[in-house]
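Trainee: Could you show me how to read helix packing and sheet order in a model?

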Amino acid sequence: MAQIRIKNVAKRFGAYQALHSINLDVADQEFMVLLGASGCGKTTLLRIIAGLETPSEGEVWIGDRRVDHLAPRDRGIAMVFQNYAVFPHLTVFENIAFGLRMAKMDNALVTKRVERTAELMHIEQLLKRYSGELSGGQRQRVAVARALAMEPDVILMDEPLSNLDALLRLEMRAELKGVLAESKTTAIYVTHDQVEAMSLADRISVMHQGRIVQAASPIEVYRNPAARFVASFIGNPPMNFLPATSHGNGQWSVAGQTFNGPATQKPLEFAIRPEDLSPADQGLKATARVVEPLGAHLLVTCDVEGASFRAVLDSDLTVRPGDILTLAPQPDRIRWFDPETTQAVA
Ligand code: ATP
C-alpha cells in the first residue's frame, strides 16, 4: 500500500515562507494533482516528497514508513520532470533500463521490464532508436516509461507535458491517465493548467500562496469552490462575482434583482459561472460589450451595474455589442462568498 501522508509540512527559504503547514493524504493508487499559479509552492511540496528538498517542519509518510529523513532512492518513488532527462546517446531501450541497471537488476529481468513498459507506453517499435532521434512526444513517453519501469510505489510528475505542443499534450494526457490507472501507481502531478488537472485527477489540491485551499474531486472543486480564489482560478472564463445586500429572511438584492441565499445579514458576494446563465424574461440586466463567437458557444463580456460579467451562450444566438440582455442564473448553481474571509458561505 502506497498511501502518502503529509503532516504539518512547512518550508522556509531564509525569511521567505514557501509552504505553511501543509496537511494532505493521498490514497493508495490515487491520482492527485497539485494545481496553482506560478510560485504557489507546488514544486517545493513535490520536491519535499521526493527528498530533493528538506522540510523546515513536519513529516512525510509513504505507506507505513516515515520517509522525510531517507535519501530519495530509498523512498520507493520515481520522478518525471518537465525537462525530462532522456539521454540522447543511449537507445530508447537503455534509457528505459537506466534505473534498473543502476539497481543491478538481472539482465533477463531488465529486458522483460523494458519490453512490458514500452508496450504500455506504445513505444515498443522505438526500442532500438537513439533517443536523440526522437520527437518531443516520443521522448516524453520514454521519460514516463523509464519511471514506470522501476515499478515505483509512487510516481511524482512535475509539469511533464509542458514542453509538448497543444495537440500532443491532449493526446499524452489521455494516454497518461490510462497508463497510470493500469499500472496501479499512486501519482502526484504538478501543473498550473486547470484543464490538465481536471482531466487527470482523482482529486485536485488547489494551492495558493503556500497553502492548500481545497482538496477535492475535480467536479467538486468546479461546482463548489471552497474559497473565492478557487472560484476565480478554476474555470475558463472564471466565475462571475457581484456584490449582494441582504433584505433579511435569506432574500438578497443583486444588481437590482432578488435572489434566495444564505440566512446571514452581512454583505456577501453572489457568484455564478458564465455557462450557468441563459437569456430569459427575468434576470440580471447586462449590457453586451464584446461578443466572441467561439464555435461551440458564444462568449459575451458584458457590464452589469459597472461590473464586468461574462456569459457563455448558445452559438445560434445573435448578440451585438450594446445589446441589453436579461440573463437568468440557474438557481442551483448560484454560490455565495464572504468578502471578508473569502470563504464560501453555505
Ligand atoms: P512554478 O509553477 O513557477 O514552478 P511553483 O508553484 O512550483 O511555481 P515553487 O517552485 O514551489 O513554486 O516556489 C515557491 C516559492 O518558493 C517561490 O516564490 C520561489 O521563488 C520560492 N523558492 C523556491 N525554491 C527556492 C530556493 N531554493 N530558494 C529561495 N526561494 C525559493
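Mentor: Gladly; we will take a helix pair and then a sheet. Keep in mind that this is a predicted model.

Trainee: At what angle do helix α4 and helix α5 pack?

Mentor: Look at the two axes and their directions. Here α4 (residues 136-149) and α5 (residues 166-183) pack at about 15 degrees, with axes 11 Å apart. Angles under 35 degrees count as roughly parallel, so α4 is roughly parallel to α5.

Trainee: Is the crossing of α4 and α5 left-handed or right-handed?

Mentor: The α4 and α5 crossing is right-handed.

Trainee: Which residues of α4 and α5 meet?

Mentor: From α4 come G137, Q140, V144 and L148, and they meet L168, M172, L176 and S183 of α5. Sorted by class, this contact of α4 with α5 has five nonpolar residues, three polar ones and no charged ones.

Trainee: Now the sheet: in what order do the six strands lie?

Mentor: The order is β6-β7-β8-β3-β9-β10, in an open sheet with mixed pairing. At the edges sit β6 (77-80) and β10 (211-216), each of which pairs on one side only. From one strand to the next, the twist averages 15 degrees.

Trainee: How many bridges join β3 to β9, and which way do these strands run?

Mentor: Strand β3 (residues 31-35) and strand β9 (residues 203-208) run parallel and are joined by four bridges.

Technical notes. Residues numbered from 1 in each chain as written. Predicted model: local features only at pLDDT ≥ 70, side-chain atom pairs only at ≥ 80, totals over all residues. Axes fitted to C-alpha atoms, helices over the stretch in contact; angles between N-to-C directions. Helix = DSSP H or I, 4+ residues; strand = E, 2+ residues; numbered from the N terminus. Parallel < 35°, antiparallel > 145°, perpendicular 65-115°, else oblique. Left-handed = near helix turned anticlockwise from the far one by under 90°. Contact = placed C-beta atoms within 7 Å. Nonpolar A, V, L, I, M, F, W, Y, C, P; charged D, E, K, R; others polar. Pairing = 2+ DSSP bridges.
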